[in-house]
Amino acid sequence: MTSQSISAADLARLEAAHPGVFRRHFGTRAKPWLAVATLFAYLIWSLWIFDFASLLNGGNWNRAGLEILQWVSYESRPVVNITGDKLAVVFRPYDALGHNPKPDWIVAERTSVDRVTVTWGSDAYRLVLGVTEATIDNGAEHSVWRLGPKGWDPQGPVPASAHLQEGGAHIFFGVLGSVELDTKTVSIRRRFPGWANFVFDTDSKFWGKSWSELWALLTTGDRLDPAQLNLSLAYNDIWYNSLWQHGDVWTKLLQTVVMAFVGTLFGAVLA
């Protein structure tokens with residue numbers, strides 16, 4: 001093998017011919033560090049805005065984990081109202097499942113008295129609720145609760161996943177959700193991965209339709225709104241999505257990009 005060296009004169013000639021390679025602008029050199037600093041600042045801001053410090057200082061590691069889960073998942077929160085010998089499942093007006101949800105993981109049965117069965121993915125995580133008794137399976141834990149004058153009482157050892165409170169208890173299913181037993185209501189939390197209604201909100205005529213149905217509507221289907229094409233209506237519904245507000249977000253993002261471009265151009269002119 002032979003080694004090659006370059007003379008000082010040749011190096012000076014190369015520097016003069018290619019100044020951009022040998023004398024990079026400060027902004028070019030600083031870009032990686034600025035990206036790292038921006039990411040770090042965003043992380044600090046996120047921790048502050050979600051008050052992670054108080055969660056960790058108080059030892060609330062479960063809550064801290066749930067806060068992080070909220071970035072990549074969503075919840076449905078129905079409530080079962082107990083009135084006499086009747087049970088009524090009620091969803092919030094703006095539940096992620098729509099205005100008239102009928103999920104297959106809630107089964108309401110009417111026998112001599114009402115009974116509601118809720119599952120979290122399988123029968124290993126299940127609530128069977130009557131008007132005076134609740135049976136909860138949480139993986140390896142099995143517990144029975146009975147409703148008395150002062151609230152729900154455990155019929156046996158309290159499971160490790162249950163937090164007793166006035167009138168009942170809060171039973172956690174980890175990332176799947178939870179059950180909260182109260183004197184007159186039982187609150188259900190069921191968690192799903194993803195971002196609910198990211199494309200269309202529940203008020204859109206396209207909401208809840210499969211990809212094949214959407215394709216048919218956007219290409220050959222009859223107009224959902226006689227005043228405009230389905231493609232135009234879909235664009236309008238995405239842009240004005242009431243939950244995610246894509247129009248506002250994208251507009252502000254474009255303004256940020258334009259400002260950054262103008263700032264970079266201005267800096268290059270002054271350099």
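This is a predicted model: local features need pLDDT of at least 70, side-chain atom pairs count only at pLDDT 80 or more; totals for chains, interfaces and linings use all residues.
Q: How many helices and strands does the protein chain have?
A: Helices (H or I, at least four residues) and strands (E, at least two) are DSSP runs, numbered from the N terminus. Here the protein chain has eight helices and 13 strands.

Q: What share of the residues is buried?
A: Buried means under 20% relative accessible area, exposed means over 50%, and partly exposed is in between (1.4 Å probe, protein chains only). In this chain, 28% of the 271 residues are buried.

Q: Which residues make the nonpolar surface patch?
A: Patches are made of residues with over 30% relative accessible area and no salt bridge; like charges are joined within 9 Å, and nonpolar side chains (Val, Leu, Ile, Met, Phe, Trp, Tyr) within 5 Å. Areas come from the Shrake-Rupley method with a 1.4 Å probe, and for residues only the protein chains shown count as cover. The patch here covers about 870 Å² and is made by Val 249, Trp 250, Leu 253, Leu 254, Val 257, Val 258, Phe 261, Val 262 and Leu 265. Take Val 262: you'll find this residue in helix H8 (residues 246–270), partly exposed at 47% relative accessible area.

Q: How many aromatic pairs are there?
A: A pair of aromatic rings is described by the distance of the centres and the angle of the planes. Rings of Phe, Tyr and Trp (its six-membered ring) pair if their centres lie within 6.5 Å; planes under 30 degrees apart count as stacked, over 60 as edge-to-face and the rest as tilted. That rule gives seven aromatic pairs. In one of them, the ring centres of Tyr 74 and Phe 192 are 5.4 Å apart with planes at 25 degrees, so the pair is stacked. Tyr 74 sits in strand S1 (residues 73–76) and Phe 192 in strand S13 (residues 185–193), so the pair ties together parts 118 residues apart in sequence. Tyr 74 is partly exposed at 22%, whereas Phe 192 is buried at 16%.

Q: How many salt bridges does the structure hold?
A: Side chains of opposite charge can pair when their charged atoms come close. The cut-off is a side-chain nitrogen of Lys or Arg within 4 Å of a carboxyl oxygen of Asp or Glu. The structure holds six salt bridges. One of them joins Arg 189 and Glu 75 (3.9 Å, N to O). Arg 189 lies in strand S13 and Glu 75 in strand S1, so this bridge ties together parts 114 residues apart in sequence.

Q: Are Arg 189 and Glu 75 buried or partly exposed?
A: Arg 189 is partly exposed at 33% relative accessibility, whereas Glu 75 is buried at 13%.

Note on methods:
Residues are numbered from 1 along each chain as its sequence is written. Side-chain values use heavy atoms; hydrogens and water are left out.
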